[in-house]
Amino acid sequence: MTKLKIAGVPEHFNLPWHLSIENGDFSKNGIDLQWTDVPEGTGKLCQMLRDGSTDIAVILTEGIIKDITAGNDSKIVQVFVDSPLIWGIHVASGSKHEKLSDIEHGKVAISRFGSGSHLMAIVNAKNEGWDTKSLQYEIINTLDGAIEGLTEGRADYFMWEHFMTKPIVDKGIFRRIGDCPTPWPCFVIAVRNEVLNNNPEAITQLLQVINSRIINFKDIPNIDQTLADRYHQKIEDIREWLKITEWSQKKLEENTFDKVQNQLFELDIINNKIAFETAVQ
């Protein structure tokens, strides 16, 4: 039995992993897969890959590409979610901000530097024609931290996945004033190079197991109700999310990698570019 540590955000995208673990799919194939939920998101996941506290991460595409260019000794082995991530742009319910132009000079709440909430705030600023270099940040670590930060007025807006944040909007804690989809597939599977080199067969087997789960994921009986119950969502929201979400069993293509890396470089999020082969297996 090969023991592997995997980490990802506690969000509906990752239910296929939990179902496969609970069903014994990995253990039947000689893999003892240990999952860790990481509510802090991609910045924390990058750190865990670097320090060896996880072997594998289900992670935002832009975040791991940024970190590999900065020396993270890992590779992307597969796209996990091929559709874009819809980033909701949120303000506190009592905020004076009503539209996107109102937050141009506001302070952004981010989980940490290098996280999706940080990188996508820069992408959104570019989309809106704002000065990306003048953005100000407040580190809030988690979604709960964002609720505190916005409610207390320490930050003006916060970007997080549209559907996971919707219950907070429905409760009247946040207001959503816009959405910003990623212009690329949102989640990939990244593995530390040491693990790839020492356990190539186990990683291949792991991908086969999860791919057999996600290829028919939407056809699982009552999967909409299961998702709604587990992630405290309204079933109509889950059904809308399922319509626009597509899992993948394919490698990250070089043109997609180049698109992400070039945009990160243009926005001064990364200082150097690396070869496709350095980042992707």
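**Helix packing, sheet and core**

Helices α3 and α4 are roughly perpendicular to each other, a class that covers angles of 65 to 115 degrees. Their axes, those of α3 (residues 61–69) and α4 (residues 116–128), come within 9 Å and cross at roughly 100 degrees. Here, axes are lines fitted to C-alpha atoms, for helices over the stretch in contact, with angles taken from 0 to 180 degrees between N-to-C directions. Helices (H or I, at least four residues) and strands (E, at least two) are DSSP runs, counted from the N terminus. This is a predicted model, in which local features need pLDDT of at least 70 and side-chain atom pairs count only at pLDDT 80 or more, while totals for chains, interfaces and linings use all residues. Residues are numbered from 1 along each chain as its sequence is written, and side-chain values use heavy atoms, with hydrogens and water left out.

Where α3 and α4 meet, Glu62, Gly63 and Lys66 of α3 face Gly116, Leu119 and Met120 of α4; contact means heavy atoms within 4.5 Å.

Five strands form an open sheet in the order β2-β1-β3-β10-β4, with mixed pairing; two strands pair if DSSP finds at least two bridges between them. At the edges stand β2 (31–37) and β4 (74–81), each with a single partner strand, so one side of each has no neighbour in the sheet. On average, neighbouring strands are turned by 25 degrees against each other, direction ignored. Further in, β3 (residues 56–60) and β10 (residues 187–192) pair in the antiparallel sense over 5 bridges, and Ile56 sits opposite Val191 in β10. Helix α3 lies across β3, β4 and β10, running at about 115 degrees to β3. Helix α8 (residues 200–214) packs on the sheet too, touching β1 (2–8), β2, β3, β4 and β10, and its direction makes about 15 degrees with that of β4.

Then there is the nonpolar core, a set of buried Ala, Val, Leu, Ile, Met, Phe, Trp, Tyr and Cys residues joined through side-chain atoms within 4.5 Å. Buried means under 20% relative accessible area (1.4 Å probe, protein chains only). The largest core has 100 residues, of which Trp17, Phe80 and Phe187 touch the most other members. Its largest share, 7 residues, comes from α8. Neighbours within four places in sequence aside, the contacts of Phe187 include Val9, Phe13, Val58, Phe80 and Leu85.

Over in α5 (residues 143–151), Gly145, Ala146, Ile147, Gly149 and Leu150 are buried. These residues pack against elements including β5 (86–92), β8 (157–161) and α6 (162–170). After α5 comes Gly153, with a positive phi near 80 degrees.

Technical notes: Parallel < 35°, antiparallel > 145°, perpendicular 65-115°, else oblique. Buried < 20%, exposed > 50% of the residue type's maximum accessible area, 1.4 Å probe, protein only.
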